[in-house]
Amino acid sequence: MKKNILIDVERLKYPRSGIANVCVSLIRGLDEKLCHFNYTLYGPKKNIPATKSKFAVIDWKFWQKKIQVNSSSFSLIHVTHQLSDYFHITKGRQKKVVTLHDLNFLHDNSSESKINKSKKLVQKNIGNADAIVCISEFVKRDFLKNRHLFSLKSDVNIEVIYNGLVFPEDKKFTSTQNYEFINSKFILNIGVLFPKKNQEVLLDLISENDRELVLITSSAKSEYKEKFMTKIKNLGLERRVHILENIENNEKYFLLQNCESYCHPSFAEGFGIPPVEAMYFGKPVFLSKLTSLPEIGGDLAFYFDDFSAKSMSVVYEKGIEDFNSDAENYSKKLKSRAEEFDYKNMAASYEKLYERFLV
């Protein structure tokens with residue numbers, strides 16, 4: 001008789017977020033396997049993709065923070081985010097897996113009250129976990145370094161399973177939008193407009209060359225956006241910087257397909273989905289050397305040594321030159337690298353972990 005597993009995908013409330021992307025990928029990957037378990041998904045029903053295996057769904061409601069869903073019939077609960085507000089209590093011999101995306105709140109100059117609040121929530125999620133899954137080796141190292149901040153089970157497993165993506169099946173994408181920059185050489189960046197994403201240094205980069213800069217963002221930290229917009233004006237870049245908000249996936253793929261390069265100078269990344277997407281489209285990627293990004297780009301990415309305008313410009317021009325010297329072959333290598341982070345690999349790794357506890 002198959003055992004029951006509950007997967008908390010409540011973060012699908014924010015369907016354009018990176019974590020929602022990973023949740024959808026996990027659902028699809030498990031659905032395409034010969035399932036060894038009965039899966040139930042907890043999240044907003046309207047955003048949960050249909051499954052061939054007809055996974056059960058418990059529809060998320062805002063009041064369930066106070067009146068918890070009855071989870072006693074499940075042999076294992078997988079909480080897919082360390083800041084989840086749900087399933088903090090396990091029952092009987094129930095097993096628990098928690099995915100740890102990052103401990104950024106320890107490193108991003110958060111206030112002491114925010115740090116304490118986040119620590120308490122992470123503790124509620126991982127304190128009784130049988131396995132903590134880190135999404136990169138960097139996250140694992142950071143967690144082990146800060147393990148003393150948390151009280152854990154003595155026999156907890158701590159391991160790495162990389163995020164997996166569902167890559168687009170279409171080969172070519174079109175757009176009905178009349179982008180003024182589309183026939184120019186443009187640099188693309190995808191992510192929340194936020195201090196830790198460090199997008200402002202890309203303004204310094206394009207001040208040294210003739211490229212356009214296109215940012216795809218789902219939201220912004222208001223103070224940082226104000227600073228960003230002021231810097232655009234001060235550098236006289238108003239006509240060369242284009243901010244696109246909350247666009248659909250196919251539109252994003254169209255821009256990835258047509259950009260000259262993808263640049264991601266982030267200070268803090270648990271994984272890094274956008275660089276993987278750019279590599280899948282065979283685009284040269286320019287990354288910071290910080291946190292998890294070298295794990296993603298490997299020896300195929302180009303890395304900024306620092307974020308001064310001159311230094312970034314040297315790295316960029318040399319990287320574009322190296323890429324263009326053998327573009328077709330380089331693109332194939334980049335796509336092959338991206339495919340290592342496939343959703344099927346992620347789902348297979350999670351199911352093996354579930355089996356370890358339940359079979």
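The model is a predicted one, in which local features need pLDDT of at least 70 and side-chain atom pairs count only at pLDDT 80 or more, while totals for chains, interfaces and linings use all residues. Residues are numbered from 1 along each chain as its sequence is written, and side-chain values use heavy atoms, with hydrogens and water left out.

The axes of α7 (residues 273-280) and α10 (residues 327-338) cross at roughly 135 degrees and come within 7 Å of each other, the angle being taken between N-to-C directions on a scale from 0 to 180 degrees. In this contact (heavy atoms within 4.5 Å), Val276, Met279 and Tyr280 of α7 meet Leu334, Lys335, Arg337 and Ala338 of α10. Of the residues in the contact of α7 with α10, five are nonpolar, none is polar and two are charged.

Turning to the strands, which are DSSP runs of E with at least two residues, β11 (residues 261-264) is covered on both faces, since Ser261 and Cys263 on one side and Tyr262 and His264 on the other are all buried, that is, under 20% relative accessible area with a 1.4 Å probe. Strand β8 (residues 186-190) pairs with β11 in the parallel sense over two bridges, pairing requiring at least two bridges found by DSSP, and Ile187 stands opposite Ser261. Strand β12 (residues 285-288) also pairs with β11 in the parallel sense, over three bridges, and here Cys263 stands opposite Phe286.

Conventions
Helix = DSSP H or I, 4+ residues; strand = E, 2+ residues; numbered from the N terminus. Nonpolar A, V, L, I, M, F, W, Y, C, P; charged D, E, K, R; others polar. Buried < 20%, exposed > 50% of the residue type's maximum accessible area, 1.4 Å probe, protein only.
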